[in-house]
Amino acid sequence: MLVRWCLALLCLILCLNAQPLPVEKVLEARRIADLHFSPDGQRLAFTVDEPLKGAQPVSHIWVLDMASGALRQFTSSTAGERSPRWSPDGKQLAFLSNRDSAPKLYLMPLDGGEAKAWLSTKHRIDSFAWSPNGTSIAFRAGELPTEAEEKKTTDKDDARVEDDAAKRPRLWVSTVTDPKPAAIGEPGWKIDDFQWLDDSRLIVTASPKPSRIEWNASLYLAPSTGGKWTSWAVPPRPFGNLTLSPDRSLLAIHATRKDGPDPHDLYLTPISRPEFKNVSETLFDRLAAQTAWVDSRTLYASFVEGFQTALYKIALPSDRERIELPVNAGAIAVSPNGTLAVVGGSSTELPELWLREPGKLARKVSSFHSSWKDTALVKPAIFAYRSFDGRQIEAALYTPRDAKPQTGYPLAVLIHGGPTGAWSNNFEPWSQLLVSRGYAVFSPNIRGSIGYGHAFIAANRGDWGGGDFKDIMAGVDDLIQRGVADGNRLGIAGWSYGGYMASWAITQTNRFKAAVSGAGMADLATEFGTEEEASYDRWFYGLPYENLAGFQHSSPIGFIKNAKTPTLILQGEADTTDPLSQSQMLYRGLRAYGVETELVVYPREGHGLREEKHRVDSLNRIIGWFDRYVR
């Protein structure tokens, strides 16, 4: 008895001495992205986010010299820079920056010197591409306002026409010899993506009559000097991520498999005769994530495989080789000699840049997160359990450091966004913050998640809050039965679809002692009519004008009178994905039935919180809410 008491006292002392992860620390996580090798493969350009300070995230461009291994920060303006793209001769980098109040295109010599704006006009450029010979740049931007339009804006005579075709960004081409940009194509088209096919033509993903409720984009050939666009191909919709082989003979895209809410598979087609072949359907039934060409017969492709991202080298037509890496792969790029650059990390390792040269093991070449080396993070256990219908569900379980069996921890159930999202083997702030404060954290990849095949994604079509919710509760019961979780101390939280699921859960059960709904959905039919793009939701439920009962059947607001769980609601005021009205409806419904609730609205924020003070505030509120009602 005395030994047991002493052990309990020792555990208590260790818990009291353990320092929880500071909320401010997670804002130091830096994103590494947009990797591009120079044409000769001697240098690699990429972007790195600065630790979040102030109102907007800031990223800068870095360059790695492949021969020496030297890393240097290439740009440093206070406004930040993004989208680095090498000129075809490799002598300069083009990039976008807001350093002159609006997003402009800048050129900067590799050997030093000041960055110079490509254009003197006020076009707000959001994407661009060099022509193969380096004499032209194509970019997407809106029309410049006329003097009359500027005056109306100044005078507050600024009525806005919904879906005004004249306000849609257009495709423009500007040459080195004549930098004055010329618009190509008809006004009013929706331009999604574009790539130079050769020095006189571009291949463009566009919709002549865009719709907010269905995918109707096709591929067009556009002369760079103007003229009529030619319809080239209609891949399976939705599709995206156009990537041309180095010799521009093949096009890779990601597109849906027969029928789906998101691009799922890797397709290839010859440019000479467009005929899309699904490459990954026979190779690998997992969602295609990244694509990078080596040459016209070889490419690297990554696929989401459960909590990991699997990377493959594909030799056409059908050979594949799995590339083993010591980290979970994110963004990738490949040089002409086959050297692979990868952004890699894990749940306990924040991302760094890795290189894998032909015939060698991958090695880490950056240390952007060296300040984290003394920060203790918890590695989750990945496990599988059976749901109500026998379907196997994979999940991550975080338990406090030095966890003891049969402890019965307070449990935080975290639901990912989507539903076509997934938890992965990457650093996850909510999980690490909560587990460092004594919670067990349960993160299931329930039906609808990517990483388990197309059929698994489609398993909750028209059934949100049905099988997916039962998957969650089956996992909770499994953890309680195994003594990991205390059934009297349960909380649930999530953002977007995760926020929806938290809202749904409180209307279906009173087992949870607290809930956090971030940017969730309360009424699916109302959301369909007010969100910016509804084609995704249409795949799941059709049109509310034809299937109102289906939308209502899965809407938390229809069952709000059952709710008793204290609920924290977090929402960006400028969110057009899951609009503010959804959180307001949930809040008012809970108040009507006397449920303890708070609605916190963050000005200027969209679907995800970007400002430093808002991020800190939201994370502190989540922890405080769980501490108050769950612990």
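User: Are phenylalanine 303 and tyrosine 312 buried or exposed?
Analyst: Phenylalanine 303 is buried, and tyrosine 312 is buried too. Buried means under 20% relative accessible area, exposed over 50%, partly exposed in between (1.4 Å probe, protein chains only). This is a predicted model: local features need pLDDT of at least 70, side-chain atom pairs count only at pLDDT 80 or more, and totals for chains, interfaces and linings use all residues. Residues are numbered from 1 along each chain as its sequence is written, and side-chain values use heavy atoms, leaving out hydrogens and water.

User: How many aromatic pairs are in the whole structure?
Analyst: The search finds 30. Rings of Phe, Tyr and Trp (its six-membered ring) pair if their centres lie within 6.5 Å; planes under 30 degrees apart are stacked, over 60 edge-to-face, the rest tilted.

User: Why is the pair of phenylalanine 303 and tyrosine 312 edge-to-face?
Analyst: Because their planes are at 70°, with ring centres 6.2 Å apart.

User: Which pair is tilted?
Analyst: Tyrosine 452 and phenylalanine 456 form one, at 5.2 Å centre to centre and 50° between the planes. Tyrosine 452 is partly exposed at 21% relative accessible area. Phenylalanine 456 is buried at 7%.

User: New topic. Where is aspartate 575?
Analyst: In the loop between strand S35 (567–572) and helix H12 (580–592). Helices (H or I, at least four residues) and strands (E, at least two) are DSSP runs, numbered from the N terminus.

User: What does aspartate 575 have in contact, leaving aside neighbours within four places in sequence?
Analyst: Ala519, Leu580, Glu605, Gly606 and His607. Contact means heavy atoms within 4.5 Å.
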